[in-house]
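Look at the two chains below, one at a time, and then at the place where they meet. The text after the picture follows that order.

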Amino acid sequence: MLRRLVMGALRPNSCVQAAHRLSTTTESSPSEVEQYSSDGFPPPVVLSRNLEFPTNDGRKRMAWVENIDTVQERKLGMIDLHPDIFAVPPRIDVIWNNVHWQKLYRKVNLVQVNNRAEMIGGGRKPWQQKGLGRARQGSIRAPQWKHGGIAHGPRAPTTRFYMLPIHTRLYGLRCMLSVKLAQDDLHIVNALDIPTNEPSYLEDLAEERQWGPSVLFVDDTDVAPENIAIAADQIKHMNIMPVYGLNVYSMLNHDTLVLTLAALERIEKQILYFMHRTDRAKLAEKFKTSQV
Amino acid sequence: MATRGYEKALSMLKTLPRVGLFNIAPNPGFVKPSKRGRGQHGGDKHGAGNKGSKARQNYMRTGYETSLRPYYLSFTHEPYYLGHHLKRQYPPLSLGQLQLMIDTDRINAEKPIDLVQICNTGLYKINPQCKHYGVHLTDEGADSFKAKVNIEVQWATEPVIAAVERNGGTITTAFFDPPSLFALTNVKKFLESGEPIPKRMIPPEDAISYYTDPKMRGYLADPDQVSWERLVLAQKYGYSLPKIEEDPNYEMLTLRKDPRQIFYGLEPGWVVNLIDRIILKPTDPELQEYYKG
């Protein structure tokens, strides 16, 4: 399914770059350009995308592509988003499941208390069984005794590790992206290139565009551009993440999510691949620790 | 566009507070409290009741009826299920399911269909360890079966054979012994093991009659008799048998495996190296003779 969008917008050089980075993105034909420029608008940007695994239920999601090389916002174009990723039922409980799993799977309990056998002493019967009029006792370290051992206390190391089923993890990501888009907290930029490495630039940018205050930038490269890396490093609530690290907790933890075009392409490709692979049933089998 | 409930939910989210770590919650009842209570009286009985056999969690052995003589001792031996665990099983696949797989591009009907193609759809479950000996193609959806296929199954009945041949397709029933089934049901795992492709063994005694029967399109039946029975079945079910000799896919429709062969295009004794993408064939005359015979 080919979706074509004609947008009257400014057309800087960076947008051409954006179109090149997005592999399935093509530009408009000259006739369409003339049609819109006759109204006195600048030449439009036409971005059309071939969405893989298209849906036929009429759902449609679109987003602006912005720049971040100026504080003032410029719309560079508009692109289609896949409705199976950006328009799914916003299941808050699935999001909670993902967050709960992310918090727990790394935890190991290292607290251990001594039981009655591990306490020092207590091997001797404190007093004889009969004849004293006292309660029968076998050890001074029994759990009912002061300074006795602890019954059913925490034992270390106890791992809290468990694996959320892969399709719940994927659904969590899709829910979270849908929620971010619905709440206008998802922004798509052409690239993460900013002109200066001053942290104030990013703060001004977020202020001007009503982002954040906390912002998560996601790109598909391991190494972010130098300027934004230096600037974001000095602001604790602005972080940069490679696309393979995208997770539900971090998206919730930041108010605004900023994706580059390349990151968006990668997210869609990867999630759709997992949604439509033929061995889905095998993937959904119970996770065994021995399989790693 | 039909209005969906969650479209409304997503549009409501626009005006609701931002979803964050602080305002998400699981479904009510999802988080179950620990079974063992804590505190002064929390851990008293652990829900097992007061005193007696139940409180001591004395679970009796299966079939034990306290003071009575258990039923399995009261009655004499009745071998209803004698040898049941040894019987061959054929997990079913209906013609309707097969048609759906073809329509949704899970199976390519332009190529011969065998157990490998069916397992690769990911929609058919089979486990040779559970005495599963292959596909039983059932007649559910036979009326709407429209595909022209060359299919090899392990068990089929007369209406199924008629439904396939009515469309100009061909069907064979073929037996595979368990080692061959392990290879067929998970081809990648088998080829990665580096073992030579085994030769297919002949069916067990009680299955010989089925797989040599031309009416059942057995793979050991005489081809001339099979073509005669195709005609007989067409007349019995009242359809005109399409001439596969004039079909453009004649080669594909009449492709059959050798009775010793497991995979199309691969012979027993060959080793497939997936990494170097080469096939190693036995050169020792003794081995060649073994795999031929």
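Chain A holds 10 helices and 12 strands, where helices (H or I, at least four residues) and strands (E, at least two) are DSSP runs numbered from the N terminus. This is a predicted model, in which local features need pLDDT of at least 70 and side-chain atom pairs count only at pLDDT 80 or more, while totals for chains, interfaces and linings use all residues. Residues are numbered from 1 along each chain as its sequence is written, chains are lettered from A, and ligands are numbered from 1, in the order in which they are written.

The pLDDT is the predictor's confidence in each residue, from 0 to 100. For chain A the average is 85, and 83% of the residues score at least 70. Residues 1-41 of chain A stay under 50, and for this stretch the model has 75 contacts beyond four places in sequence. Two residues are in contact if their C-beta atoms, placed from the backbone, lie within 7 Å. Of the contacts in chain A with a separation of 6 or more, 76% join residues 24 or more positions apart. Of the 292 residues in chain A, 30% are buried; a residue is buried if 20 or more other C-beta atoms lie within 10 Å of its own, exposed if 12 or fewer, and partly exposed in between, with C-beta atoms placed from the backbone.

Now turn to chain B. Its secondary structure comes to 12 helices and seven strands. The radius of gyration of chain B, taken over C-alpha atoms, is 29 Å, well over the 19 Å that the globule rule gives for 293 residues, so chain B is more spread out than a compact globule. That rule is 2.2 Å times the number of residues to the power 0.38. Along its principal axes, the C-alpha trace of chain B spans about 85 × 70 × 50 Å. Buried residues are 22% of the 293 in chain B.

One helix of chain B can be checked by its length. Helix α10 of chain B (residues 223-237) has 15 residues and should span 21 Å at 1.5 Å a residue, which agrees with the 21 Å between its end C-alpha atoms. The expected span is 1.5 Å times one less than the number of residues. α10(B) is hardly covered, with one buried residue among its 15. Just after α10(B), B:Gly238 has a positive phi of about 75 degrees.

Last comes the contact between the chains. Chain A gives 24 residues to the contact and chain B gives 17. On the side of chain A that touches chain B, α4(A) supplies the largest share, six residues.
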